Amino acid sequence: TNAIYGFTSILIKAISDLKPDYIVATFDVSGGTFRHKEFPEYKAQRKKPPQELYDQIPIVKDVLRSFNIPIFEKTGFEADDLIATVSKLKSVDNSHIESIIVTGDQDIMQLVDENTKVFSPKKGLSETILYDERLVTDKFDGITPGQIIDYKALRGDPSDNIPGVRGIGHKGAVD
């Protein structure tokens with residue numbers, strides 16, 4: 001029950017701290033994504049999580065339904081892709097709506113802008129941080145959120161098994 005407890009705890013903390021007007025949740029769907037078609041080695045080195053984690057996901061979704069929170073998932077796309085879509089498309093007719101993404105995934109920092117922030121656990125569930133553009137830039141040694149994708153393309157992204165440019169490390173990519 002650890003995943004159910006952890007998810008529900010951070011959900012309740014986010015609702016309590018942020019007092020949102022709207023909430024949605026996104027999930028990955030099993031199977032590959034368009035990235036796997038482009039680059040078959042994408043995330044190939046990652047160990048599959050234990051089955052007991054997967055077994056808890058339906059209960060997590062039940063928790064979300066009990067809070068009347070819509071769930072988005074789409075075959076061929078990661079939850080991050082859906083998060084990006086939801087956080088950016090609202091600007092079409094509601095630019096005054098601030099998006100706050102609740103995640104521990106550092107890749108999502110590339111979405112931070114004047115209208116989008118990331119609420120992330122800092123020390124377990126007891127301490128959190130709300131990243132704005134300045135805090136993301138501080139965290140990534142001067143790289144702005146809009147430069148993160150270029151930084152990772154140059155340096156590579158070991159967590160996703162994406163090779164960078166040979167000879168370019170952190171300092172070279174930052175420069």
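Asp62 counts as partly exposed because its relative accessibility is 46%, where partly exposed lies between buried (under 20% relative accessible area) and exposed (over 50%), computed with a 1.4 Å probe and protein chains only. The model is predicted, so local features need pLDDT of at least 70 and side-chain atom pairs count only at pLDDT 80 or more, while totals for chains, interfaces and linings use all residues. Residues are numbered from 1 along each chain as its sequence is written, and side-chain values use heavy atoms, with hydrogens and water left out.

**Salt bridges**

- A search of the whole structure finds 10 salt bridges, each defined as a side-chain nitrogen of Lys or Arg within 4 Å of a carboxyl oxygen of Asp or Glu.
- Lys88 and Asp113 meet in a salt bridge at 2.6 Å, N to O, a pair that links distant parts of the chain, with Lys88 in helix α4 and Asp113 in the loop between β3 (99–102) and β4 (116–123), 25 residues apart.
- Lys88 is partly exposed, since its relative accessible area is 31%.
- Asp175 and Lys171 form a salt bridge at 3.2 Å, N to O, and both Asp175 and Lys171 are exposed.

**Helix α4 and Val86**

- Val86 lies in helix α4 (residues 79–89) and counts as partly exposed because its relative accessibility is 35%.

Conventions:
Helix = DSSP H or I, 4+ residues; strand = E, 2+ residues; numbered from the N terminus.
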